[in-house]
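Subject: Structure handover

Hello,

Here is the structure for you to look through. My notes on it follow below.

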Amino acid sequence: MIRIFKKEEFNKAVVSWLGEFQVIGPKRIGNKGLFYEPIEAMEDLYLGPGITVEPMKKFFLIPSEYLNSSSVPEKNKRLIVGANPCEARGICLLDKVFDSEYKDKFYIDNRQRTTIVGLSCIAADEHCFCTSLGGDPTDTRGMDALLFDQQDNFVVEIITEKGSQLFGALGKELEADEKKEWQKNKAKKKGLLKKKINAPGSLGHIFENEYWKEVSAGCLSCGICTYLCPTCHCFDLVDDERKKLRCYDSCAFSDFTLETSGHNPRPTKKERYRQRVFHKFDYFKTNFGENLCVGCGRCIRSCPVKIDISQVIANAPI
Amino acid sequence: MENIYQPHLAQIVDIQQETLDVKTFKLKFKDPSLQDSFDYKPGQFVEFSVPQEGEATFCISNSPTRKTTIDCSVKKMGKVTQALHELDIGDMVGIRGPYGNGFPLNELKGKNLLFVAGGIGLAPLRSLINYCLDNRADFKAITIVNGARTSKDLVYKTEYEAWKNAKGTQLHLTVDCQENNWTCMVGVVPKILEQIQPACKDSVAIVCGPPIMIKFTLPVLLKLGFCPEAIITTLEMKMKCGLGKCGRCNIGNLYVCKDGPVFSFAQLKRLNYEL
């Protein structure tokens, strides 16, 4: 179902949702950039071009959280507004890990109590490469509804029942000319992406290649790429008093696989960086049929030594 | 929905000092109904937690055919195992599991079995050995080669008599160097295999021990005619969640905790695994 409404109408709706939901959306924080944060007033919500520094996975896979049965799960309903399509695709990939064979109730609870309303990208920068990995700025996978900015209006594509509850009564259905304009707008968005690379089919045969040593040489093992990745999900389990704490962890860290005996199966940056690339572009594909990367470009934007995973896979000697 | 990370309280009902730094803890769930319903395959493992110290992964070393308790043998190494060694009979720990694939019992049925163990590597094999002895008719000849650095490092000594006397079963014990009053074999495990020349026909070799032992045992087994599909091992790798999610124990696309820990050498070769 597709509907259209004035932006003022939408703003009023957001204000009314503030009573029912914890509303979360991109918010500009000083000169640090955009971050997904709880929205207190309409002015906080930023619905323009750009991408948040952190992905929205932090609302589903919480950076540090107690996993005891006695810990009371948060029950309040949440609404995320303004998520980029690549974000929601990232969540679909996390679903394959946390809502599959062994079900992670903490993640699933967070999924169920959250409604995701996306905003089709208004711009893409030089690091975005979603279209190279099967996504695009109008992708609705993982969304409950997706907004399109159309001058004074928003057009919304309603995907799920949750989305329909929010938008079913807002505005009206599109007239023929409005629909035509929306389709034109939508088609144009697919061309926003300037960077196009070829993702490899599999990498198994170049596992031993010296290439991995070369591309990881500059890596500082800082782990920022994994923390800011919408699909990286490795974690540590720590005992805190009598409670079990889950914290984000990273395959970039040398102690991630270090065993008590002193043996480390991934002793150098070569093995660790190769693990990250293989997990994303080979192992996950073997196990779940998709790359574990949505092309959001965060790891490229934030890497202190400018390692560019899109170039690493594009130039792999396959 | 069940909390997959939640350990269940278990009590230490007995402790056996195996060697200077290895103890076997015998555990029972605090909840008797959990104890009754707890079922597993030889080769599966549990996440064992000492409250406030953390979790560590241990295989269950007793056979499911003898499961009055859950036995875990623990070598004193790091933070969790040191804390474990401080515990006494009656103390409480946490357990979650069982995890992992376990040994492929159906593929082992009707075969000659060659068990090759080094040091504490006997722990997962002990579960399978006793399982096979309790289902003796399902298996052909059983040969056990068990080695340790010194006689003091041999584990499960109280079992040897029963293994030696079991029908169609041979036990070869060996230590690395000659000792006073030692009457069994002398030499590292691969050397002993070369000496006893176990038959490869209709046989499966099940190998577990330190990496160095496995590295030198593998070529000997291949030379004896065992194919990589008929050599299986159970791997140790740093594990945390036991559920294939936390991301550290993978070899290629497979997780040691979920898809293993039991693999054939044919599989490990395909996965680029280096011994």
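The crossing of α6(B) and α7(B) is right-handed. This is a predicted model, and that applies to everything in this message. Helix α6 covers residues 189-196 of chain B and helix α7 covers residues 211-223 of chain B. Their axes are 8 Å apart and the packing angle is about 20 degrees. Angles under 35 degrees count as roughly parallel, so α6(B) and α7(B) are roughly parallel to each other. On the α6(B) side, the contact is made by Val189(B), Pro190(B), Leu193(B) and Glu194(B). On the α7(B) side are Met213(B), Phe216(B), Thr217(B), Val220(B) and Leu221(B). By class, the residues of this contact of α6(B) with α7(B) are seven nonpolar, one polar and one charged.

Next, the domains of chain B. There are three of them: domain 1 (8-99), domain 2 (105-233) and domain 3 (235-275). Between the C-alpha centres of domain 1 of chain B and domain 3 of chain B the distance is 22 Å. Six residues from domain 1 of chain B and five residues from domain 3 of chain B make up their contact. On the domain 1 side of chain B, the elements that give two or more residues are β3 (45-50) and β6 (92-99) of chain B. That side of domain 1 of chain B has two nonpolar, three polar and one charged residue.

Chain B also touches chain A. The contact takes 27 residues from chain B and 32 residues from chain A. The chain B side divides into nine nonpolar, eleven polar and seven charged residues.

Chain A has domain 1 (2-192) and domain 2 (204-314). The C-alpha centres of these two domains of chain A lie 27 Å apart. Their contact involves 26 residues from domain 1 of chain A and 24 residues from domain 2 of chain A. On the domain 1 side, β4 (64-66) and α2 (85-98) of chain A each supply at least two residues. Which element gives the most to that side? It is α2(A), with eight residues. In total, the side of domain 1 of chain A that touches domain 2 of chain A has 14 nonpolar, six polar and six charged residues.

The last item is a sheet in chain A. Strands of a sheet pair through backbone hydrogen bonds, either parallel or antiparallel.

- β2 (residues 22-29) and β5 (residues 78-83) of chain A run parallel and are joined by three bridges; Val23(A) stands opposite Leu79(A) in β5(A).
- β2(A) and β3(A) run antiparallel, with six bridges; Ile29(A) has Gly33(A) in β3(A) as its bridge partner. Their hairpin has three residues between the strands, and Gly30(A) takes a positive phi near 45 degrees.
- β7 (residues 145-150) and β8 (residues 153-158) of chain A run antiparallel, joined by six bridges; Leu146(A) stands opposite Glu157(A) in β8(A).

Regards

How values were computed. Residues are numbered from 1 along each chain as its sequence is written. Chains are lettered from A and ligands numbered from 1 in the order in which they are written. This is a predicted model: local features need pLDDT of at least 70, side-chain atom pairs count only at pLDDT 80 or more; totals for chains, interfaces and linings use all residues. Domain bounds come from an automatic or database domain assignment. Two residues are in contact if their C-beta atoms, placed from the backbone, lie within 7 Å. Helices (H or I, at least four residues) and strands (E, at least two) are DSSP runs, numbered from the N terminus. Ala, Val, Leu, Ile, Met, Phe, Trp, Tyr, Cys and Pro count as nonpolar, Asp, Glu, Lys and Arg as charged, and the others, Gly among them, as polar. Axes are lines fitted to C-alpha atoms, for helices over the stretch in contact, and angles run from 0 to 180 degrees between N-to-C directions. Angles under 35 degrees count as roughly parallel, over 145 as roughly antiparallel, 65 to 115 as roughly perpendicular and the rest as oblique. A crossing is left-handed if the near helix is turned anticlockwise from the far one by less than a right angle, and right-handed if clockwise. Two strands pair if DSSP finds at least two bridges between them.
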